[in-house]
Amino acid sequence: MPTTPHAAAPGPAPEWDPQQYLRHSGHRLRPLLDLLARVPAELPGGDAPRIADLGCGPGGPSTVLAERYPHARVTGYDNSPAMLDEARAHARDGRLDFAEADLATWRPAPGDRFGLLFSNAALQWVPGHAASFPAWVDALPSGGALAFQVPGNFSSPSHTLLAELRDSPRWRGRLGAPDRTDAVLTPAGYAERLLALGCEVDAWETTYLHLLTGEDPVLDWTKGTALRPVLTLLADDPEARDAFTADYAAALRAAYPPGPDGRTAFPFRRVFVVAVKR
């Protein structure tokens with residue numbers, strides 16, 4: 001789930017819209033479940049192991065974790081007040097709570113031990129997030145796991161067209177074009193770092209083919225994620241916002257035309273990692 005980006009384009013932090021993000025919740029849920037299927041069923045930590053959901057967004061991953069591990073204490077962390085407001089509706093006394101935290105600087109408190117550190121589609125917003133791995137792995141007891149998935153589609157038209165439009169003469173001065181092609185590592189890159197920290201690593205990638213419906217469905221998808229920084233930067237100028245969105249929509253329609261049945265095929269690559277501390 002998105003969390004506020006760091007060291008990206010100049011300007012205010014993106015304002016997240018939980019309802020827009022959840023419009024494609026079915027497609028967004030599948031990678032979460034595919035990741036969780038490879039996480040150990042038993043976690044260290046006694047009768048009530050601790051779980052941190054890093055970048056919990058509106059709370060969906062946290063509730064899935066609470067259902068998978070009914071005796072665990074799950075805390076979802078995010079730095080978007082709007083997302084946390086939505087997430088807290090899922091809180092359960094003693095079992096599931098939520099707290100504000102910045103993933104770029106979040107570290108377990110001294111002495112804290114987590115059976116599972118989990119992150120679903122959030123770390124891509126934190127440049128250099130692999131630098132946090134030593135501190136995170138240090139908070140895992142033997143048998144504890146760090147598990148995450150991140151989008152790996154930054155070279156896809158949905159992202160390259162957005163970057164090109166931002167860098168066009170009309171928009172460059174106001175928006176810029178952040179280079180996020182290195183926001184995530186390859187499966188091998190993640191494995192190398194986590195193997196060096198004493199973990200057994202399962203790393204892989206999957207390209208999903210989402211069949212989207214509705215008018216401008218890829219634009220609608222990006223309104224919940226990649227387009228949020230632009231929508232925030234242009235929030236005080238509705239005319240400019242609508243002009244940018246119209247140009248981006250036209251480019252997306254050409255790159256992702258609807259198929260014969262009216263649905264639009266949207267390939268989406270993701271990178272998965274499950275690292276279990278030896």
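Visitor: What share of the chain's contacts with a separation of 6 or more comes from residues 24 or more positions apart?

Guide: A contact means heavy atoms within 4.5 Å. Here, residues 24 or more positions apart account for 77% of the contacts with a separation of 6 or more. The model is predicted: local features need pLDDT of at least 70, side-chain atom pairs count only at pLDDT 80 or more, and totals for chains, interfaces and linings use all residues. Numbering runs from 1 along each chain as its sequence is written, and side-chain values use heavy atoms, without hydrogens and water.

Visitor: How many helices and strands does the chain have?

Guide: Both are DSSP runs, numbered from the N terminus: helices are H or I with at least four residues, strands are E with at least two. This chain has eleven helices and seven strands.

Visitor: Where is His 159?

Guide: His 159 sits in helix H6, residues 157-166.

Visitor: Is His 159 buried or exposed?

Guide: Buried means under 20% relative accessible area, exposed over 50%, partly exposed in between, using a 1.4 Å probe and protein chains only. His 159 has 16%, so it counts as buried. Setting aside neighbours within four places in sequence, His 159 contacts Asn 153, Phe 154 and Ala 226.

Visitor: What part of the 278 residues is buried?

Guide: Buried residues make up 51% of the chain.

Visitor: How many disulfides does a search of the whole structure find?

Guide: A disulfide is a pair of cysteine sulfur atoms within 2.5 Å. The search finds zero. Cys 56 is buried because its relative accessibility is 0%. Cys 199 is also buried, at 0%.
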